[in-house]
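Please look over the chain below before reading on.

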Amino acid sequence: MSAQVINGKEITGAYRAQIKEDVAKLAQQGVQPGLAVIIVGEDPASQVYVRNKAKACEEAGMYSEVHRLEAGVSEKEVLALIEKLNQSPKIHGILVQSPLPKHISEDKVVEAIAVEKDADCFHPVNVGNLMIGKEGPAPCTPAGVIAILKHIGVELAGKHAVVIGRSNIVGKPMAILLLREHATVTICHSKTANMAEITSQADILIAAVGKPRMIRKEHVKPGAIVIDVGINRLDTGKLAGDVDFDDVLDTASYITPVPGCVGPMTITILLKNTLDAASRSLK
Ligand code: GUN
């Protein structure tokens with residue numbers, strides 16, 4: 001039996017319609033949620049992501065501003081801009097697009113963002129709050145994955161979820177959110193021995209490795225739900241996930257397409273974080 005391909009458009013459409021409604025309600029109380037995005041340099045993939053984020057804000061009725069800085073900008077100038085945005089009443093969420101040029105410290109930049117305006121959930125205080133289950137922004141990609149799993153109606157409690165990848169942006173927070181849903185969680189990474197032996201025990205397999213089409217049917221238990229977080233540009237210019245979609249299609253029960261599912265859902269959570277931060281600013 002062929003896996004059901006998860007319809008990203010349907011899921012993001014439903015979420016964004018709700019966000020748009022909530023934005024309109026907040027506007028009636030005199031607050032328009034605002035997101036500021038800072039991009040440094042000309043990385044083509046980052047340019048696309050940033051454009052998509054700004055467009056999504058506009059479609060949801062939110063305010064957004066994009067600050068495009070030259071690759072040679074000093075760290076001090078970036079920090080000064082963040083401080084200005086921290087003080088701006090129009091801005092409730094701030095995001096600095098990664099990667100940054102080598103002369104700018106990602107840590108310093110992330111720590112300069114006001115904790116309550118951290119739209120990515122990258123600030124160490126918010127990461128700590130996430131760990132102990134306190135209120136705060138959601139890590140965008142992992143929270144998007146949870147939303148996708150809930151949408152297809154999977155009961156996560158007691159399931160074995162295997163996350164491949166241990167990045168601070170995806171793998172680690174993904175494991176925390178799955179634990180919060182009472183899944184049994186295993187994290188695999190580049191040094192894991194016998195990877196296929198472990199991943200093929202997963203009821204839910206989440207690939208966030210950054211290696212095109214690395215996950216094949218020998219990694220997947222028959223009937224497993226496969227979520228592909230990877231987005232890799234091939235030499236041909238085409239995009240491919242971390243999962244070999246065609247190879248896995250007849251083994252999985254559900255599978256996400258790349259592009260068009262986890263990516264748009266990540267942006268949806270970014271909108272939600274900005275909306276929630278704006279709501280909290282009223283309290
Ligand atoms: N670069 C790639 N993904 C992300 C993300 O989720 N947030 C930021 N700030 N930069 C990124």
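The sections below go from the whole chain to a single residue.

## Basis

This is a predicted model: local features need pLDDT of at least 70, side-chain atom pairs count only at pLDDT 80 or more, and totals for chains, interfaces and linings use all residues. Numbering starts from 1 along each chain as its sequence is written.

## Domains

The protein chain splits into domain 1 (30-115) and domain 2 (140-263). These bounds come from an automatic or database domain assignment. The two domain centres, taken over C-alpha atoms, lie 28 Å apart.

An unreviewed UniProt entry lists residues 139-280 as "domain: Tetrahydrofolate dehydrogenase/cyclohydrolase NAD(P)-binding". Such annotations may be inferred rather than shown by experiment. Residues 139-280 are 35% helix and 17% strand. Helices (H or I, at least four residues) and strands (E, at least two) are DSSP runs, numbered from the N terminus.

## The sheet

Six strands form an open sheet with parallel pairing, in the order β1-β11-β8-β7-β5-β6. Its edge strands are β1 (4-5) and β6 (184-188). Strands pair if DSSP finds at least two bridges between them. Strands β8 (residues 225-228) and β11 (residues 254-255) run parallel, joined by 2 bridges. Val226 stands opposite Ile255 in β11.

## Ile152

Ile152 sits in the loop between α6 (140-151) and β5.

Beyond its neighbours within four places in sequence, Ile152 is in contact (C-beta atoms, placed from the backbone, within 7 Å) with Ile6 and Tyr254. Ile152 and Ile6 are 146 residues apart in sequence, yet 8.0 Å apart in space, C-alpha to C-alpha.

How values were computed:
Contact = placed C-beta atoms within 7 Å.
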